[in-house]
Amino acid sequence: MKYVAGLALSALLLASGAAHAQQGEIKVGEINSYSALPGFTEPYRKGMELALKQINDAGGIKGKKLVIISKDDGAKPGDALTAANELVSRDGVVLLAGGFLSNIGLALSDFAKQKQVLYIAAEPLTDAIVWSKGNDYTFRLRTSNYMQASMLAEEAAKLPAKKWATIAPNYEFGQSFVAAFKEALTKKRPDVEFIAEQWPPLNKIDAGPVLQAIDAAKPDAILNATFAGDLVKLVREGNTRGVFKDRAVVSYLTGEPEYLDPLKDETPEGWIVTGYPWYAIKTAVHQAFLDAYQKAYNDYPRLGSVVGYSTVKSIAAVLNATDDHSTASLIKAMKELKVDTPFGPVVYRGADHQSTLGAYVGKTAKKDGKGIMVDIEFKKGADYLPSEAEAAKLRPAN
Amino acid sequence: MELLFVQALSGLASAASLFLVASGLSIIFGVTRIVNFAHGAFYMLGAYVAYTLTSRFAGPLGFWGGLLVASLIVAALGALMEMVLLRRIYQAPELFQLLATFGVTLMVQDLVVVIWGADDLLGPRAPGFTGAFSLFGRNIPTYDLLLIALGPAVLGLLWLLFHRTRWGVLVRAATQDRDMVACLGVNQKWLFTSVFALGVFLAALGGALQIPRTTVTHYMDLSIIVEVFVVVVIGGLGSVTGAFVAAVLVSELNALGILALPKISLVAVFLVMAVVLVVRPFGLFGKAERAPRSSAGTSFRPWKPMTSIERIGVALIVALAALLPLFAGNYALSVGSEILVFVLFAASLHFMMTVGGLASFGHAAYFGLGAYGAAFAIKFLGAPMGVALLIGPLFGLAGAVISGWFCVRLSGVYFAMLTLAFAQIIWSVAFQWVEVTGGDNGILGIWPSRWASSPEGFFWLTLAIVAVSVALLRVLVFSPFGFGLRATRDNTLRADAIGIDRKSVQWAAFIVSGTFAGLAGALFAFLKGSVFPETLGIPISVDGLVMVLLGGIETVSGAVVGAIFYKALAIWLMSQTDLSKLVLGAIIVLLVVASPKGIVGFIEQIRHRRPPSPNGAGSSAARADASDALGIAKMKVAE
């Protein structure tokens with residue numbers, strides 16, 4: 001016992017003294033679920049590395065090289081906090097970024113508040129991170145649950161459908177999305193009613209019985225918020241059972257290549273979805289991003305790539321905006337910070353720390369045995385957020 | 001009514017896939033007594049290999065042939081694992097094989113991503129079973145019908161195999177009394193290997209059959225393994241018919257239950273299991289277990305309190321650890337605190353598992369209750385940290401009082417699974433009761449009071465609490481209560497005969513253990529500053545088991561060493577590589593093979609191999625060995 005304890009302690013001591021900042025470098029910390037969710041994080045990492053290379057090739061941050069230290073969180077909040085602690089206490093990073101799962105984003109944001117360090121949440125979708133549990137130290141890049149729910153509700157309101165049924169994974173992400181969608185749709189269409197709901201556990205949907213239960217309620221339209229493996233089961237089972245026939249379906253995130261591509265020739269047609277139609281976006285900024293990405297990786301970007309790329313662009317922008325990299329100055333610089341992303345310029349709002357990154361809404365279709373998005377429209381994030389004054393009221397007094 | 005009927009049909013289709021995997025697990029456990037944690041990994045491998053084969057070879061022959069060949073390939077892999085890994089450790093304490101299969105599971109999770117890539121893979125549909133047929137105006141996939149037919153067909157084939165072949169007779173004999181089978185001259189090695197291969201074949205087939213329904217992903221194993229365990233336990237361990245009935249029961253309750261309660265899926269199976277085990281302690285079709293070959297924690301060398309020299313040594317180590325803040329950085333200190341928290345958690349599990357012989361698969365319940373208790377004290381009562389650190393363990397205590405009362409009526413794996421059921425029910429309450437617990441978004445802002453908020457302060461606080469608690473647990477081990485507890489572990493009948501009330505002694509041990517786990521959980525809440533349902537989750541329970549087993553289940557201080565070793569390694573690997581599971585799994589497998597008695601067991605073995613020293617320590621050890629051998633001989637006679 002003595003030996004082992006001694007070994008463990010000395011290993012810790014060695015580790016603690018290892019890293020010291022080199023001159024001419026700016027280090028930032030980044031955390032994501034690399035081992036647990038590689039489907040998202042691999043393209044995300046590629047997007048991040050592309051942006052990093054571009055920034056450093058162009059001279060870095062005022063002549064200093066930008067260095068990103070990435071850590072895996074294993075999709076567990078506890079491990080994410082250990083990693084954050086290592087980055088801040090040992091590696092001495094000037095800010096933290098990253099995150100995919102909402103609960104990890106919230107854990108990191110609370111850590112940022114406690115340790116007084118800036119945290120730029122990349123992907124977490126929960127509204128709580130900027131509103132009900134928002135704090136001074138946390139900013140969020142990704143188009144939120146509330147924003148995408150409003151975008152989809154706007155399209156859903158145009159449908160004749162009156163009776164709606166919902167299917168969403170049984171955790172905060174699904175619950176808050178369905179609630180936001182209901183509220184936004186009912187505001188536009190007081191005549192709709194929600195007549196059935198199903199809450200399968202994440203990654204464990206028993207698609208047959210779930211769809212049967214929805215079908216039995218005879219809704220005009222279905223709202224879906226399942227994704228990844230659950231989505232595929234749902235689609236395959238629903239296609240076979242004809243549950244989606246003659247029904248409108250509004251489906252959250254389904255147009256993202258991460259979730260659409262696995263559906264291949266079983267892609268249902270005409271679903272209203274949010275997503276990332278990289279093949280159909282004709283803006284100059286996106287084309288430049290697409291060309292650079294394909295040149296670097298010989299692969300097409302996923303939505304994760306855009307998030308990773310834009311996260312690093314945000315980091316570079318805030319580091320460039322102030323000479324003093326203390327947390328107080330960085331937070332001041334983050335407010336109203338303008339960043340160029342592949343989706344165009346975005347602003348991190350001063351009042352609620354949410355970026356105005358928008359999203360693409362369109363319909364699913366099949367082409368050459370693959371799923372794509374058609375009739376796409378880019379919806380600007382700013383149009384689907386509450387005004388800054390209203391949003392500020394949603395945040396706790398700090 | 002029609003809806004109910006159609007819904008029930010869908011439930012039967014789900015039951016069939018569940019049954020295939022569960023029957024394999026049940027057969028393996030029945031004969032080899034191995035709790036095969038890697039069963040889900042083989043299920044996943046079956047799906048991945050079948051994906052590769054069916055994508056390459058189109059057509060009905062390619063598809064069905066592909067499924068079969070894939071299952072055979074994976075079965076061969078399973079047999080290989082049994083031969084090179086498990087065969088070496090059949091003599092190790094029961095449950096130790098769990099550790100080996102857990103290591104394999106970790107490795108497979110990373111390996112499939114390395115081999116097949118990170119994307120979800122969509123296999124082809126089954127040729128000839130792509131459509132649906134209409135019943136009461138509702139469409140039912142023809143593939144569902146195939147699955148519904150397949151379930152009873154496999155059940156029938158297994159019955160024929162077990163009742164009409166010589167091999168089957170041997171397997172049934174071994175399930176009842178494998179020592180007797182060995183005495184009759186049956187080659188156990190090949191019997192075990194073939195049974196293992198058959199079980200893995202069924203798991204892989206279950207996975208391969210999922211291809212037409214879903215995507216193949218690297219987390220498929222997690223989504224099924226626990227459910228399969230539950231099905232096996234509800235049915236009764238070793239009973240294939242039981243597994244079938246249980247699979248139907250669970251799937252039907254789920255399919256029909258969601259009509260009334262759409263959120264029930266999360267917890268349905270565990271509720272069923274808890275009810276079944278409380279009413280029928282050995283599952284629906286299970287029989288009372290024979291006294292196990294050697295229960296967890298039967299010591300190969302009698303435990304002794306530390307000598308005064310050893311006590312001084314430990315005090316020195318604690319004093320040295322207390323000096324750590326003088327030269328270590330903040331990160332090292334917080335990692336140190338985290339390791340200490342898990343030392344206490346593992347020590348609390350050790351008390352129940354090794355001293356009491358009660359292996360718990362749901363010990364995270366009390367850890368998590370402690371964490372939530374502390375968080376509630378801060379959030380709802382505005383209590384200071386000191387009070388919260390008292391309320392946390394009280395939550396653990398309360399949880400242990402209730403679930404312990406039910407659990408101690410059971411023994412062995414049934415006991416373990418009932419603890420798991422309680423843990424999962426508590427987990428789902430924390431997960432669902434958003435108004436109070438915040439759901440999966442957790443409770444934030446549980447930071448230590450100012451006097452303990454610095455990393456040094458918190459480290460010292462944790463060190464003090466953990467050192468005192470572990471010492472207390474150790475005192476209990478060598479107290480009359482501890483001896484009584486060990487008596488109930490080693491021989492229920494004799495313990496009864498000398499007037500020890502087994503249930504109340506074990507219940508008390510359960511409560512002690514839960515309380516200390518709650519204390520660890522409360523410390524964890526303040527260390528992390530937030531509480532999430534993951535603190536109640538299965539991975540934490542498994543971590544605890546791994547720590548105890550790795551340290552050496554037959555030793556007194558194994559849990560402490562195992563926790564330090566495992567936690568430090570896990571944190572370090574996590575920080576160094578994205579393939580941490582692969583490396584960690586490989587290290588566990590190597591350790592299991594190298595020292596089946598765990599780290600501390602290994603060290604003790606080396607210590608006692610030294611030539612006798614003048615003060616007589618060696619000769620007393622030799623005497624101990626002799627009396628131990630005598631004990632084993634007596635046990636054999638008793639059997």
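Reader: Which residue stands opposite I120(A) in β5(A)?

Author: That's F139(A). Before going on, bear in mind that this is a predicted model, where local features need pLDDT of at least 70, side-chain atom pairs count only at pLDDT 80 or more, and totals for chains, interfaces and linings use all residues. Residues are numbered from 1 along each chain as its sequence is written, while chains are lettered from A and ligands numbered from 1 in the order in which they are written.

Reader: What makes β4 and β5 of chain A a pair?

Author: Three bridges join β4(A), residues 118-121, to β5(A). Pairing takes at least two bridges found by DSSP, so the two strands qualify. They run parallel. Strands and helices themselves are DSSP runs numbered from the N terminus (E, at least two residues, for strands; H or I, at least four, for helices).

Reader: Why are β2 and β5 of chain A called edge strands?

Author: Look at the whole open sheet: five strands of chain A, in the order β2-β1-β3-β4-β5, with parallel pairing. β2(A), at 65-72, and β5(A), at 138-140, each pair on one side only. Neighbours in this sheet are turned by 25 degrees against each other on average, direction ignored.

Reader: How do you know that α2(A) lies across β1 and β2 of chain A?

Author: Contacts tell you: two residues count if their C-beta atoms, placed from the backbone, lie within 7 Å. Helix α2(A), residues 38-57, lies across β1(A), at 25-32, and β2(A). Its direction makes about 165 degrees with β2(A). Such angles run from 0 to 180 degrees between N-to-C directions, with axes fitted to C-alpha atoms (for helices, over the stretch in contact).

Reader: What makes the pairing in the sheet of seven strands parallel or mixed?

Author: That open sheet, β7-β6-β8-β9-β10-β13-β14 of chain A, has mixed pairing. Its edges are β7(A), at 193-198, and β14(A), at 370-379. One pair in the parallel sense is β9(A), residues 248-255, with β10(A), residues 272-275, joined over three bridges. Within that pair, S251(A) stands opposite V273(A). Helix α5(A), residues 145-157, packs on the sheet, touching β9, β10, β13 and β14 of chain A.

Reader: Over in chain B, why are α13(B) and α22(B) called roughly perpendicular?

Author: Helix α13(B), residues 330-355, and helix α22(B), residues 538-551, pack at about 75 degrees, with axes 9 Å apart. The classes are: under 35 degrees roughly parallel, over 145 roughly antiparallel, 65 to 115 roughly perpendicular, and the rest oblique. The pair is therefore roughly perpendicular. Among the residues in the contact are F342(B) and F345(B) of α13(B), and M547(B) of α22(B).

Reader: And what makes α1(B) oblique to α5(B)?

Author: The angle again. α1(B), residues 2-32, and α5(B), residues 142-164, pack at about 40 degrees, with axes 8 Å apart. That value makes the pair oblique. The contact residues divide into 12 nonpolar, four polar and one charged. Here Ala, Val, Leu, Ile, Met, Phe, Trp, Tyr, Cys and Pro are nonpolar, Asp, Glu, Lys and Arg charged, and the others, Gly among them, polar.

Reader: Why are α12(B) and α18(B) called roughly antiparallel?

Author: Their axes come within 8 Å and cross at roughly 165 degrees. So they are roughly antiparallel. W460(B) is one of the residues of α18(B) that meet α12(B). The contact has nine nonpolar residues, no polar and one charged.

Reader: How do you know that domain 1 and domain 2 of chain B touch?

Author: Count the contacts: 32 residues of domain 1 of chain B meet 33 of domain 2 of chain B. α4(B) gives the largest share of the domain 1 side, 12 residues. That side divides into 27 nonpolar, two polar and three charged.

Reader: What about the two chains: how many residues of chain B are in contact with chain A?

Author: 72 residues of chain B are in contact with 70 of chain A. Helix α23(B), residues 558-576, gives the most to the chain B side, with eight residues. That side divides into 34 nonpolar, 25 polar and 13 charged.
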